[in-house]
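Here's a quick briefing to read with the model open beside you. Take a look at the chains before going through the points below.

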Amino acid sequence: MMMATARTLRRLVKIVPWLAAAAVVTAGCGSGGNTSTTAGSSTAGLTVPTANLPVLQKIGKGEGQLNLIAWEGYLNPIWVKPFQQQTGCQVNAKYAGSSDEMVALMKNGGGGQYDMVSSSGDADLRILYGGDAHPVNMKLIPSWKEFYPAFQSPAFNTINSVHYGVSLQWGPNVLMYNKKDFPTPPTSWSVLYNPKYKGQVTVPDNPIQIADAALYLETHNPGLKITDPYELTQPQFQAAVKLLAQQRPLIEKYWSLASQEIFDFKNGNATLGAGWPYQVSTLKGNHFPIGDAIPSEGATGWADTWMLAAKAPHPNCAYKWMQYISTPKVQAEQAVNYGETPDNKLACGYMNKLQAGSCDEYHANAPASYLNSIKLWKTPIATCDNGKSDCVPYSEWVSAWNTEVK
Amino acid sequence: MAVTASAPSARESGRPGAWTRVSGALWRRPWARATLLLTPPLAWFLLLYIAALVVLLITAFWQINPFTTNIERVWSLSNLSTIFSSSAYQSVILRTVGMAAAVTLIDTVVALPFAYFMARIATRRTRTFLFVAILLPLWASYLAKVYSWLLIFTHDGVLDWTLSRIGLGQVHLIYTNWAVLTVFCYLWLPFMIIPVYAALERIPPSQIEASQDLGARTWRTTRSVILPLALPGIVAGSIFTFSLTLGDYITPLLVGGTSANFMGNIIYSNIGIANNVPFAAAMALIPIAIMAVYLLTARALGAFEAI
């Protein structure tokens, strides 16, 4: 056995320089030809490459298949099975763990493989400016008229009144605390930055956390003049990153999976944290004394959209899915099972039928005022709302998160 | 009747069958035999393994569009220069190499006496039992093993509970790099023990007796006979422990804390979170380079000629 190992190794050692040489040669050969074919896209003067594609005018016969990229829990048999029976479209699920994974999977218009993606606002703009989303004809989706106005044509999935998908559900990122350690509920995000709670805090391992720090500074450092936590100028951005770097010693764990945060609360590794209603409802289901609050500063949140892929191979089934998923009953089923807020106004009654009081619990009946306190995720881009291009783009958020915060 | 009789009649007439002719032709041409035998595995190796690696290496010299994250095929060294000019990435590289070295060292120190006992002292039955004990964890799921360590290290977990019961206080190892080190040492130990055992088992007893006949005591025999002969095994094992630690990101992700940023984690977050494949590829060049240096050093030290 040893002989074989050593011999293999000796050969491996001989191969290594070859590999390096091959790489250099190939790199050298390619460099001449490829420089001219650079994709010349930039963040200034953005246009959606697929904006002029013709939309579907009439839904035809289903293709029998529907390939969806979704968040885990978004394709529950409770509502997927009836859809399959009604339409004959077999749903094939591909689950993604992060917004960025969704962007990656949708590359090349879904590659002619995927039909739709349930992406969040921080990924949507990247998908549609990347030319990977297809315009959608809203006339074919009747329940869309029952949506709250804020979710009919939101800026994250509708550009120049062209829709690239149908909004789905939304929810806040909440402050979570152990009720045993905090008998009086905290009312400010400041507890997450208080050295008193060193080693008890858990926050998401996600560059979009910089927006949470910016939201906190919007109230606590008015001199910075932050108006939108996703549109930060260099000094505002630096202040938010500095705040997070100061928070780092207090952090017990940057969680990357929802299950990690649940584990840490259950086992007493963390008593405070930032998380999703999903973790709260799971812990409550386990009779754990978890408390959740939307503090006085407001909160960040997400709003998801079922976006249509530019090369969707099953467009008829995709439209049937958009019709189905936006109806009040299905909206209510997803809201109650996942723990988020539906976009359809009429879902409230169905929610209470499924679980008494759930309409109030998930704020399905009071969005207008409540929605204003939630800053929904969107992709930070270099061009600010005022047209100036002095905002910090998302790629810098990622590198600051990896090199300055963590 | 005529059909069944045709086969023996062909053989009787002395004409060889098609298969016999083919095998005869191959027997006369050894190069054809070798080509047929080697083409499928070689094609697989070149296409899937080398080609994928080369594509990865090329990607390292491209960039992404910062907004749409589409890959832009412009050649530059900017990814590598980012890695080498940022003190954050430098400390990640140093931390990873340090961790890999520490894991290798600890596993060597643990594996040597263990493998020696197995190879030269233990009875046949004990040896079988120890083999099963070493190999059994390899059949268990990697994640199950890491999660069980998480339960040991957690707040009021098995470790802290036991320590506080016997009055030693609590150590709070969860989410520290000590926890990461412990789990790595546990996970990769079998990969060190098995090659070291194989090397020690092959030492002829006559050499140890000769050493003793020449007046060498235990320490001298260990140092001058056993260790040099065990070295190839240690080097082989260290290649496993070192490279496995260099590339792993799941253990730091699960049991590591705020300073558990290793090269694997940077690669993972640049592919999974930032979708910056070129930067991840550039980062992946570094463990490849480190392993190349490691293997060449091992060869220069004569570790491979010793067998």
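At what angle do the axes of helix H10 (residues 205-213) of chain B and helix H11 (residues 218-247) of chain B cross, and within what distance do they come? They cross at roughly 140° and come within 10 Å. This is a predicted model, where local features need pLDDT of at least 70 and side-chain atom pairs count only at pLDDT 80 or more, while totals for chains, interfaces and linings use all residues. Residues are numbered from 1 along each chain as its sequence is written, and chains are lettered from A and ligands numbered from 1 in the order in which they are written.

**Confidence**

- The predictor gives the complex an ipTM of 0.73 and a pTM of 0.77.
- Chain A averages a pLDDT (the predictor's confidence in each residue, from 0 to 100) of 85, and 88% of its residues score at least 70.
- Residues 1-44 of chain A have a pLDDT below 50, and beyond near neighbours in sequence this stretch has 55 contacts in the model; a contact here is two residues whose C-beta atoms, placed from the backbone, lie within 7 Å.
- Chain B averages 87, with 91% of the residues scoring at least 70.
- Within chain B, helix H1 (residues 2-12) has the lowest confidence, at a mean of 47, and helix H5 (residues 87-121) the highest, at 95. Helices (H or I, at least four residues) and strands (E, at least two) are DSSP runs, numbered from the N terminus.
- Over residues 1-10 of chain B the pLDDT is below 50, and that stretch has 1 contact beyond near neighbours in sequence.

**H10 and H11 of chain B**

- The angle above makes H10(B) oblique to H11(B). Under 35 degrees counts as roughly parallel, over 145 as roughly antiparallel, 65 to 115 as roughly perpendicular and the rest as oblique.
- Axes are lines fitted to C-alpha atoms, for helices over the stretch in contact, and angles run from 0 to 180 degrees between N-to-C directions.
- On the H10(B) side you'll find B:Gln207, B:Ile208, B:Ser211 and B:Gln212, which meet B:Thr221, B:Ser224 and B:Val225 in H11(B).
- Sorted by type, the residues of that contact are 2 nonpolar, 5 polar and no charged. Ala, Val, Leu, Ile, Met, Phe, Trp, Tyr, Cys and Pro count as nonpolar, Asp, Glu, Lys and Arg as charged, and the others, Gly among them, as polar.

**Helices packed on H14 of chain B**

- H4 (residues 78-85) of chain B packs with H14 (residues 277-300) of chain B at an angle of about 60°, their axes 9 Å apart, so H4(B) and H14(B) are oblique to each other.
- B:Asn79, B:Leu80 and B:Ile83 of H4(B) touch B:Pro278, B:Phe279, B:Ala282 and B:Met283 of H14(B), giving 6 nonpolar, 1 polar and no charged residues.
- H3 (residues 30-59) of chain B comes within 7 Å of H14(B), axis to axis, and crosses at roughly 110°; the two are therefore roughly perpendicular.

**Domains of chain A**

- Chain A splits into domain 1 (65-170 + 302-368) and domain 2 (172-301 + 381-405), with bounds from an automatic or database domain assignment.
- Their centres, taken over C-alpha atoms, are 26 Å apart.
- In chain A, 8 residues of domain 1 are in contact with 6 residues of domain 2.
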